[in-house]
Amino acid sequence: MSQETSPGPGAPGGTGRSAGPLDEVDRRILDELVRDGRMSVRTLAERVHVSRTNAYARVERLLRDGVITGFRARVAPEPAGLGTSAYISLTIEQNTWREVSAELARVRYIEHVALLSGEHDVLALVRAPDNATLRDVVLNRVQSIAGVLSTRTWLVFEEFDGSLSPWE
């Protein structure tokens, strides 16, 4: 279970049908896979107390329905050489979000992009090796994208995962 199966940025996220509601076994499977996406189906089945066939079928259905979008390693930014993190908000021209999103997806060091409602149109998480690289990302790459009217940058001093996440 090590392949990435999520669609690219801006691509439709599903097949046009809604996934059914998750039952308690599905939720336990998700909990276990979030903790360790590399575990075998046999181990998964043992941990959630179902047969291997049932566990395999459920994981396949969760993948097919788009509930599980892929499996990946979680990388700690600082030990990996990305010591500067920042959120950048963008104000963009009306009706340019598709083009702006496509361009942002090609900018190195941008880890995550969200389209927003409210004061700002887009929020991007940047993880860069240093402040000079962050400056280049913001001033030379992001601000040069057609449709971007303005940016605002917030440096991240510290971060942590919430302890009440539904999947961890």
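D26 is buried, with a relative accessible area of 2%; buried here means under 20% relative accessible area, exposed over 50%, and partly exposed in between, with a 1.4 Å probe and protein chains only. The model is predicted: local features need pLDDT of at least 70, side-chain atom pairs count only at pLDDT 80 or more, and totals for chains, interfaces and linings use all residues. Residues are numbered from 1 along each chain as its sequence is written, and side-chain values use heavy atoms, with hydrogens and water left out.

**Overall layout**

The protein chain holds five helices and four strands, in the order α-α-α-β-α-β-β-α-β along the sequence. These elements are DSSP runs numbered from the N terminus, with helices being H or I over at least four residues and strands being E over at least two. Of the 168 residues, 27% count as buried. The chain exposes about 11300 Å², of which carbon and sulfur atoms supply 49%; accessible areas come from the Shrake-Rupley method with a 1.4 Å probe, and for residues only the protein chains shown count as cover. Among contacts between residues at least 6 apart in sequence, 71% join residues at least 24 apart, a contact being heavy atoms within 4.5 Å.

D26 sits in helix α1 (residues 24-35). With neighbours within four places in sequence left aside, D26 is in contact with P21, R58, R61 and L62.

Helix α2 (residues 41-48) has L44, A45 and V48 buried. These residues cover an arc of only 100° around the axis, which puts them on the same side of α2; the arc is that of the directions from the helix axis to the C-beta atoms. The face turned away from this buried side carries the exposed residues R42 and E46. The packing partners of the buried residues of α2 are α1 and α3 (52-64). H49, which follows α2, has a positive phi near 65°.

**Strand pairing**

Two strands pair if DSSP finds at least two bridges between them. Strand β3 takes part in the pairings listed below.

| Strands | Sense | Bridges | A facing pair |
|---|---|---|---|
| β1 and β3 | antiparallel | seven | L90 and V122 |
| β2 and β3 | antiparallel | five | A114 and L123 |

Six of the seven residues of β3 are buried, so this strand is largely enclosed by the rest of the structure. The hairpin of β2 and β3 has six residues between the strands, and in this hairpin G118 takes a positive phi near 110°.

**Helix α5**

In helix α5 (residues 131-142), the buried residues are T133, L134, V137, V138 and V142. Viewed down the axis of α5, they fall within an arc of 135°, so they line one face of the helix. N131, A132 and R135 are exposed on the other side of α5. The buried residues pack against β1 (84-92), α4 (97-104), β2 (110-115), β3 (122-128) and β4 (148-155). At the N-terminal end, D130 caps α5, with a side-chain oxygen 3.3 Å from the backbone nitrogen of A132. A polar contact is a pair of N or O atoms within 3.5 Å; within protein, one must be able to donate a hydrogen and the other to accept it, and residues adjacent in sequence count only if both atoms are side-chain atoms.

**Nonpolar cores**

A nonpolar core is a set of buried Ala, Val, Leu, Ile, Met, Phe, Trp, Tyr and Cys residues joined through side-chain atoms within 4.5 Å. The largest has 18 residues, and those with the most contacts inside it are L90, V100, L104, I110 and V126. The elements giving two or more residues to this core are β1, α4, β3 and α5. A second, separate core of 14 residues includes L30, L33, V50 and A55.

L104, apart from its neighbours within four places in sequence, is in contact with L90, I110, V113, V122, V142 and I145.

**Y109**

Y109 lies in the loop between α4 and β2 and is partly exposed, with a relative accessible area of 24%. Y109 and L82 are 27 residues apart in sequence, and their C-alpha atoms are 8.8 Å apart in space. Again leaving aside neighbours within four places in sequence, Y109 is in contact with L82, L125, V126, R127, A128, P129, T133 and V137.
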